[in-house]
Amino acid sequence: MTDDTPWLSREQLRAWMGFVAVMELLPAALDHQLQRDADLTLFDYMVIAMLSETDCRTLRMSVLASATNASLPRLSHVVSRLEKRGLVARCPSTEDRRATDVRLTDAGFEHIVAAAPGHVRTARRLVIDALSDEQVAELDDISRVLLSRVDPDGRFAAVANIPPDDPSICEARLTGTADDSFPDVVDGIAYRPATRDDLPLLRRASLDAMNWAAERFTDADLDRPEFAHYSAAFDPERSSDDRTDDRTDDRSADLGVVASDGDGPLGVVWAVHLPASDPGYGFVAGDVPELTLAVDARARGRGVGSALLARIVAAGRSAGWPGISLSVEDGNTGARILYERVGFRTVGRNGDSDTMQLTF
C-alpha cells in the first residue's frame, strides 16, 4: 500500500506553520486591546462597527451574520449580550415580521466611536505598519484566494463591501460628520459624473449587472424593452421643458458616476427616472429613480462599489430626490449587504427579486 499523501515541502511547512501561528496569536492580541480599553471582544466590535456604517444603523440579523462572518446562533448570543448592555436593540423587521432587525443604539454608537481609534492603532501596529504597500496588496490578494477556498459560495461577506478607501470618508462616516463632498481621485481611481456619451458603457454595465451570478443574458437581450430603458433612457441633461405626459411632472435629471483608472472604466453607477407606463423591475414611483451599479472584475475588493454608491446617494440628496430604488435578485447576498448598509430597505416584491428603496 503506497502513501499518496501530498506532504508539504520544508518551505511550504514553514509558511503554513507561520500562518497557523498568526491565526492563533493575532485574534488574541486584538481581543486583549479591545477588552482592556473598551470592554469589547473583537467580534463585539465587528458587530457594532457593521451597524454603525449604515445610515439608519440597522441591519437584518441574517445580513449582519453574513457581514460579520458569523453563524446565526453565534451572532444571536453576542447580540443578546450587547443588548443587555444597551448597545444594540432587537425588533421585528418592518419589511418581514418573521425576521429580526438589530439596531445600534445611541449608546452603542458612542461606544464604537470611542473604541475605533485604539483598535485601528492596534491593527496598524500589529499588521499594516509592519508591511510595505506592496506587501499589503499581496496580503489582500492572498486573503481573497484563501477565502475563495474556505467560503466558495461567498456566504460570509465581511470583506465584500469595504467602505470607500479614502480615510477621511471612512472617518466621517463613523463619526457622523460626513458631508456631500468627495475627492475626485482616490488611490489612483478617478470619479466623474456620467454623461450621455457614456451610454455604451451603461449598456455594457447593464449586462454585467444582469449576469451577476452566471452568463444568463447576451448583448441581444439588452434590446428587449424591459432592459433597454435602463441605459437608453438615461438623461442627465433633462430639464423641466423636457417633461412629457406619460412621465411624472416631478421627474428630474438622471445622475450617474463613472470610476476609472489609466486602463479605462472600473465601474459605474447611475439612476434613471422611468414612468409608470414603462417601469423597471425596481420601480417605486416616477420621481424615484432606479439605480444600477456594476463594477469590473479587476476592481472588486478595492472599495469602488461602495465609493460609487456613496457618491450617487450624496448627489441624489443634493438634487432633491425623494429617494432611490433598485431591484436585488434572491441569492445576491453581497449586493444586498452593500445596499442595506447604506440604508436601503425592502418595500416590495417583483418575481424572484426584492424592490428596495433608500428614502432621503
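In this predicted model, strands β1 and β3 (residues 100-104) run antiparallel and are joined by three bridges. Within this pair, L59 sits opposite V102 of β3. Both strands belong to an open sheet of three strands, arranged in the order β1-β3-β2 with antiparallel pairing. The edges are taken by β1 (58-60) and β2 (88-92), and each has just a single partner strand, so one side of each is left with no neighbour in the sheet. On average, and ignoring direction, neighbouring strands here are turned by 25° against each other.

Of its seven residues, five are buried, so β6 is largely enclosed by the rest of the structure. Strand β5 (residues 189-193) runs antiparallel to β6, with four bridges joining the two. In that pairing, Y191 faces A259 of β6. Then there is strand β7 (residues 264-272), also antiparallel to β6 and tied to it by seven bridges. Here V257 is the residue standing opposite V269 in β7. To get from β6 to β7, the chain makes a hairpin through two residues.

V186 itself is found in strand β4 (residues 185-186). Is V186 buried or exposed? With a relative accessibility of 9%, V186 falls under the 20% cut-off, so V186 counts as buried.

The last part of the picture is a pair of helices. Two packed helices are described by the angle between their axes and by the distance between the axes. For α10 (residues 304-319) and α11 (residues 333-342), the angle is about 40° and the axes are 11 Å apart. That angle makes α10 oblique to α11, and the crossing of the two is right-handed. Which residues of α10 and α11 meet? On the α10 side they are S306, L309 and V313, and on the α11 side L338, Y339 and V342. By type, the residues of this contact come out as five nonpolar, one polar and no charged.

Definitions and conventions:
Residues numbered from 1 in each chain as written. Predicted model: local features only at pLDDT ≥ 70, side-chain atom pairs only at ≥ 80, totals over all residues. Heavy atoms only, no water. Pairing = 2+ DSSP bridges. Axes fitted to C-alpha atoms, helices over the stretch in contact; angles between N-to-C directions. Buried < 20%, exposed > 50% of the residue type's maximum accessible area, 1.4 Å probe, protein only. Parallel < 35°, antiparallel > 145°, perpendicular 65-115°, else oblique. Left-handed = near helix turned anticlockwise from the far one by under 90°. Contact = heavy atoms within 4.5 Å. Nonpolar A, V, L, I, M, F, W, Y, C, P; charged D, E, K, R; others polar.
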